[in-house]
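Please consult the sequence and the coordinates alongside the text.

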Amino acid sequence: MKAAALSHKGLVRPRNEDAYLLRLDLGVFAVADGLGGHRSGEVASHLALRVLEERLSRGTLQEPPLQQLKEAVASANEAVYQVSLSQPEHRGMATTLTAAWMIEDRCYLAHVGDSRAYIFRQGILETLTTDHSYVGDLIQKGDITREEARFHPLRNLLNRALGIEGAVEVDTREIPLTPGDVLLLCTDGLYEVVSEGEMKTILSAHSLDEAARLLVENALDKGGPDNITVVLVLYEEKD
Ligand code: MN
């Protein structure tokens, strides 16, 4: 397994409220996009990732990975919610969380919000997550395409995020991996400006580090209207 990650505040936003987690030793990778005034967005995204990391570093082989991952995300939700309740300056903060746990030839995914996971396999880029947003619902219903959603005026309206309530519904799935698969986790700052065609072109021709850099550069070339975060993981066969 190899991995690369990059986060950039973009060219418009005053601060970077995105965060990522890259723990090659645990096989744990995640992105989070925080929301809230002042520094609250940053607090929410970093706190969620710290709780996730802490929980999964105590992961066991006794329990199903998907269950453990779901519980870790539930704990992250609770932590963000508690701080939001108890600290007036952070009231109403929230974050997206898209997390992957890779164990042997499996990728376990947990997801809340509108960050995304994709898998790039043999030249095909497949979306693994559904956006928990107003436009995400429209895509699901077939009313608009993912490309059209990039330009929708209400594209930033989330209908699910971590930290809003004491409990949150978490989407999970398990993906069997084939050597050569590349997992891409990213925040909306990437996919709203970089088309899936461009992502494919970059992923097919470059090393992970180069690809991460080029994806972010491409978003910046398009004006970098939002924070941009990318995590790439290459699954390789062990010998
Ligand atoms: Mn964003």
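Which residues line the largest cavity?

## Basis of the analysis

The structure is a predicted model, in which local features need pLDDT of at least 70 and side-chain atom pairs count only at pLDDT 80 or more, while totals for chains, interfaces and linings use all residues. Residues are numbered from 1 along each chain as its sequence is written, and side-chain values use heavy atoms, with hydrogens and water left out.

## The cavity

The lining of the largest cavity consists of Asp114, Arg116, Asp131, Val135, Arg146, Ala149, Arg150, Arg155, Tyr191 and Glu192. A cavity is a set of points on a 1 Å grid over the protein atoms alone where a 1.4 Å probe fits but cannot get out, and lining residues have an atom within 4 Å of a point. The search of the whole structure finds one cavity of 30 Å³ or more.

The volume of the largest cavity is about 60 Å³; a volume is the space filled by probe spheres set on the grid points, which are joined across faces, edges and corners. Seven charged and three nonpolar residues form its lining, with no polar ones. In this classification Ala, Val, Leu, Ile, Met, Phe, Trp, Tyr, Cys and Pro are nonpolar, Asp, Glu, Lys and Arg are charged, and the others, Gly among them, are polar.

## The second largest pocket

A pocket is an open set of points with protein on both sides within 12 Å along at least five of seven lines. The second largest pocket has a volume of about 150 Å³. Its lining includes Arg13, Arg150, Phe151, Arg155, Asp188, Glu192 and Asp226.

## The manganese site

Asp33, Asp188 and Asp226 coordinate the manganese ion through OD atoms at 2.1 to 2.2 Å. Donors are N, O and S atoms within 2.8 Å of the metal (3.2 Å for Na, K and Ca), and water is not among the atoms, so sites may look incomplete. The donor spacing in sequence is D-x154-D-x37-D. Asp188 belongs to helix α5 (residues 188-191) and Asp226 to the loop between α7 (208-221) and β11 (228-234), so this pair ties together parts 38 residues apart in sequence. Helices (H or I, at least four residues) and strands (E, at least two) are DSSP runs numbered from the N terminus.

Asp188 is buried at 3% relative accessibility, and Asp226 is buried at 8%. Buried means under 20% relative accessible area, exposed over 50%, and partly exposed in between (1.4 Å probe, protein chains only).

Helix α1 (residues 40-56) has 17 residues and reaches 24 Å between its end C-alpha atoms, close to the 24 Å expected. The expected span is 1.5 Å times one less than the number of residues. Its buried residues include Ala44, Leu47, Val51 and Leu56, and the buried residues of α1 pack against elements including β3 (28-35) and α2 (65-86).

## Positive phi angles

Most residues other than glycine have a negative phi. Glu104, however, has a positive phi of about 50 degrees; Glu104 lies in the loop between β5 and β6 (106-112) and is exposed at 66% relative accessible area. Gln122 has a positive phi near 45 degrees, sits in the loop between β7 (116-121) and β8 (124-127), and is exposed at 78%.

Notes:
Contact = heavy atoms within 4.5 Å.
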